[in-house]
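Thank you all for coming. I would like to walk you through one structure, so please have a look at the sequence and the model before I go on.

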Amino acid sequence: MCGRGYAGWRGELMAGLQVIEIFDSLQGEGFWTGVPMTFVRLAGCNAPELGLGCVRWCDTPDSWAPESGAEMEPAEILDRAHFPRVCLTGGEPLLQTEGIVALVAEARYRGIKVHLETNGTVEPPAAAARPGPPGEPQAGADTLFDWAVVSPKPPDYLIAQGWDGLIDELKLVADERLEAATAERLAARHPGAIVCIQPVWERGPGPEGRRPPEGRRPPGGSSEARAVRLVMEHPEWRLSLQTHKYLGNR
Ligand code: SF4
């Protein structure tokens, strides 16, 4: 890699990505809640094949089929980024690792930061493929993404070993299968990660399919109550609400 210019990296990393949609919004969840980003939803998800429990409450099943959407080049995707941060989501984005490495290279060249949301089942891209910004040394092993959110799923909440030490945010959905002991085990395994406990959206479709019906509250013993309890019992963790759904945003 030594002696190879950044332009070389960009040229070599030509790989298309299968994209469902690209849209501007505020980050609705987790640490970066409320910050404007351009979201890139990639096609394909391995959760049905792996038997992950999130398929029951997944809010983006239209992203599961790998052939959905359209193939786009990284430059074409980033031409539609209107904010300093792009969030790669899915589906499971890392099913398209080659294209993602190319997109990160192009994003760094343009000065755009890249966030990733993954279910953690796929190993992160190899450090050897990680380009640095123009004029700077090769980036370190932990810097492919500017922010990595890993959200392991029931029943086993498995995270690929390569993620050790690389997770910025650990997002755990508080459905009835999430035990405090599981969350504690994951938090201990990933001590550098901010732990966000997030309720399942239980308020149902409202006007335009997004807003909660006026005055409707989730039933007692709900996922919201479970999430609040978990955070109150672990004050170093934080509650993550899907604020885009409360606001009727995408
Ligand atoms: S991994 Fe994400 S996109 Fe795939 S089924 Fe689970 S929640 Fe949905």
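**Around Ala193**

Leaving aside the neighbours within four places in sequence, Ala193 is in contact with Ile167, Asp168, Glu169 and Leu170, where contact means that the C-beta atoms of two residues, placed from the backbone, lie within 7 Å. Before I continue, please note that this is a predicted model, in which local features need pLDDT of at least 70 and side-chain atom pairs count only at pLDDT 80 or more, while totals for chains, interfaces and linings use all residues. Residues are numbered from 1 along each chain as its sequence is written.

Ala193 itself sits in the loop between helix H5 (180-189) and strand E8 (194-198); helices (H or I, at least four residues) and strands (E, at least two) are DSSP runs, numbered from the N terminus. Ala193 counts as buried because it has 21 C-beta neighbours inside 10 Å, the scale being buried at 20 or more other C-beta atoms within 10 Å of a residue's own, exposed at 12 or fewer, and partly exposed in between, with C-beta atoms placed from the backbone.

Let me turn to helix H4, residues 97-110, whose 14 residues reach 20 Å from the first C-alpha to the last, close to the 20 Å expected at 1.5 Å a residue, that expectation being 1.5 Å times one less than the number of residues. Of those 14 residues, 10 are buried, so H4 is largely enclosed by the rest of the structure; among the buried ones are Gly99, Leu103, Glu106 and Arg108. Just after H4, Gly111 takes a positive phi of about 80°.
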